[in-house]
Structures are given as structure tokens and as C-alpha cells.
There are 2 protein chains.
Amino acid sequence: MSNKEVIVREEILGSNKKVAAEIRGKLEAAGVLVVNLLSSPGSGKTTLLESLAEALRPAHQLAVIEGDIETERDADRIRRKGVPAWQITTGGACHLEAKMIGRLLPEIPAGTEFLFIENVGNLVCPAGYDLGENLRCVLLSAPEGDDKPKKYPKAFASADCLIFTKSDLIPHLPFDLEKAGNEALSLNPRLRVFVTSALKGGGIAELARYFVESRDHMIQRHA
Amino acid sequence: MSNKEVIVREEILGSNKKVAAEIRGKLEAAGVLVVNLLSSPGSGKTTLLESLAEALRPAHQLAVIEGDIETERDADRIRRKGVPAWQITTGGACHLEAKMIGRLLPEIPAGTEFLFIENVGNLVCPAGYDLGENLRCVLLSAPEGDDKPKKYPKAFASADCLIFTKSDLIPHLPFDLEKAGNEALSLNPRLRVFVTSALKGGGIAELARYFVESRDHMIQRHA
């Protein structure tokens, strides 16, 4: 990167942090837990959200913001589960920024308890942008391989939770779950780790419980 | 993006194009076909290169440049196949640039026929950067899902060839190969499409033949 590019980038990141902190403050006060989901394209973020919608509703109210380069496909899938969803299409940019989330805040229904943000499918750029989330979760699908944490360290080091997805495929793959988990934990010992299969239902209830407990904890802290 | 960011980005892309054209000119004259491989993390770029090395050697000489955010892992895997390989670690940047390739040109052995460049695992940023390649190939692994072409249109629209990978997993997946192929072809009708399984060996010989024929064609054009 040129010096000029570095300076512009630092200005953008500084202003992003400020907007993110404002979003977090507003939504925490309103009792909304914000979860930012990061992963490669095709790791199963939307399918995981469909399963979480089924696990959390009707007891809990959720809303979803979908980030993609192009198309409304993911928001349409979430809406079919009866969950309010907004699609942000970045038209080329490889990550969401806090100001894009900020613009949608007036539309989040009162009573929403969980706001899930599905970032653009990318393990690199989104890791640098705080969106005002309380929890950042990185997904790693079994077919992507067990060597990914150290190759994309920032995504794993900056996350609160690691969600292995598509675990039903492990019997057909050269994938060592323990190795991948240990490598991620060596980058970030505070990671909570979940092993899920949205297709077969594995691990979804545990993950839903983690989000509910995290929200309870956030509300107690603010009481 | 801010106006300032757009201007800086245009300057960088302009200078990148110039360097890329110089690299292409030099390597074409030396009889080296350059292939730029783009995909998500974990789509199987390195495993495909290991299989291609076995299919092309010893009849043909190849060399590999590996791009990653961090770690020398991929270059080590290629070297174990007896192929000269260089690792570029970008330290955070989400794509390779032509000048990074340019710096390595003096190290490419005389007699090299194919230079494969494995870009950073990312379906977004690398699509904007010409590295001096003759062929750009985008990989889509079956587990990533059949809805990816329209969600990441630039990668598919700018490629010469589309390589489906991990096709051995299709029986275990909700993946419609024909749908994904047609969607990619609707973005880019000139795509050559290959269906491969590096693990089971499917499609590798056809792909190797495509590279050999493309190099023959390049050399005839320069003769």
C-alpha cells in the first residue's frame, strides 16, 4: 500500500469505529444483541441463520441484515422464515461498514432482541471493520479445510466465537476438527467453539442458547 | 467509498495494469503461460495445483507463486511435489498485485512453461487486479453452493475458465451443478467449464490438456 492509501484507510477506519460505538450504545440500551457473522463465501452463513431463526422463534424476536456484493437472494431466504431482513448490496466492496448498518437502525422493529448481521462472504476485509456488534462469530465450514485459522489470522483473532459448519460432511473429508479448533484457540484463547450442521440440526440449540445467554448477560450489565 | 479513496484506488489500478502488461509481455516472449487462480478460501486451489503438478510433470516444467495473508504452508505443499514455489505473504492485504509478481520474475527458472499464481483466498478483491496472466481461472467448490456466480459476479465475469472442485462431494450436498454452470455462463458466455475432483482424480487430465493447448496457441501466435 502507498503512504497515501494508508492515510486514507486510517481515516476511514477511525470514523468507522466512532459510528460502530454509537450503534452499539443505542442497540445495547434498546436490549438488542448484535451478532456479526464472518466467513468465506459458501461457508453456510445464511443456512445457519435459517436454522437459528427456527431455534429462537417464536420465543424470541430477531432481525437480520444481509451483506452481499450483489443480489437480494439471502434476504429473501430469511424473509421466507418470517424474520424481518434487509439486504445491503455493496456493489463491489468486500465488507460492510458501520455507517451502512447505522442507516438501517430506524427500521429495526421495537422489541427486537437479536440483530444478526451477515457480512459479505470474505475472510479478510470484514475483520477490520467493527459494525457495532456485541459478538463477532467466524464460521469455518469443514470442506474449507483445517488449515484456515493461521492463514486468515485476523478473522479468528478478532472473533468471540468460532462456529464449525457442515460438520455432517466430515466423514467424507480430510478434515481434522481438533487440529482446526486448537489452531484457532492458539490465536485466540477466549474463543467459544461450536460444531454445527444446519442440514442435520447438530449444535444449533447450543448456539442459540449461547446467544440468549449473551443477551441476558448484556442486559444485566446495563440494569 | 469517499472521493479521495476512489481517486487513490484508480491511481493504484492504473499503475497495476501497466506492470501487469509488462509482465505478460516478458513471460509470453519467454514461452511461459501464466495462470491466475481465484477462489474463496478453502475451495481447493493448492490441492488442485498438487494434482496438476502430477498430471503435467515430468513432460512439462512448471512453477508456482502462492499468495496468502500469512504462512508458508501452501508453498511448502507445492515444493513437496518437486515444483519450484515462492510464497508471497501479504500481511493483511486481500489480493496480490502485479508488482509483487514482477519482483519474483528473475527467480523463475529458464525453461519454465507454466507459471501458476494462486491468489489470496477471496472472491472479491483479486478480481480487480490483473497480475499479467494469460488465463484467469475461478474455482467454485461444490460445498460453497450453486448460488455463488451472481453473488460474486466480477470474479466469474472476468475469468477465462471456471473450475468446479470437490465434485466428489456433490452426492452429499444440495448442489445443482447445471444451475451453477448456467448462471456463470449467463455472466460470461466465453467461460470454459471444468468439473474436477482432485481427491478422486476426476477432470484433472482435461484441465491439464486445456493449459497445454492454451500455451501451444500462445506460442503459435507469437511465432
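## A buried asparagine and a parallel sheet

A:Asn16 is buried, with a relative accessible area of 4% (buried means under 20%, exposed over 50% and partly exposed in between, using a 1.4 Å probe and protein chains only). This is a predicted model, in which local features need pLDDT of at least 70, side-chain atom pairs count only at pLDDT 80 or more, and totals for chains, interfaces and linings use all residues. Residues are numbered from 1 along each chain as written, chains are lettered from A and ligands numbered from 1 in written order, and side-chain values use heavy atoms, without hydrogens and water.

**Around A:Asn16**
- A:Asn16 sits in helix H1 (residues 3-29) of chain A; helices (H or I, at least four residues) and strands (E, at least two) are DSSP runs numbered from the N terminus.
- Leaving aside residues up to four places away in sequence, A:Asn16 touches A:Glu97, A:Ala98, A:Tyr129 and A:Asp130 (contact means heavy atoms within 4.5 Å).

**The sheet of chain B**
- In chain B, seven strands make an open, parallel sheet ordered E3-E2-E4-E1-E5-E6-E7; two strands pair if DSSP finds at least two bridges between them.
- Its edges are strand E3 (85-89) and strand E7 (192-195) of chain B, each pairing on one side only.
- Strands E1 (residues 33-38) and E5 (residues 135-141) of chain B pair in parallel over four bridges, and B:Leu38 has B:Val138 in E5(B) as its bridge partner.

**A helix across the sheet**
- Helix H7 (residues 177-187) of chain B lies across E6 and E7 of chain B, at about 160 degrees to E6(B); axes are lines fitted to C-alpha atoms, for helices over the stretch in contact, with angles from 0 to 180 degrees between N-to-C directions.
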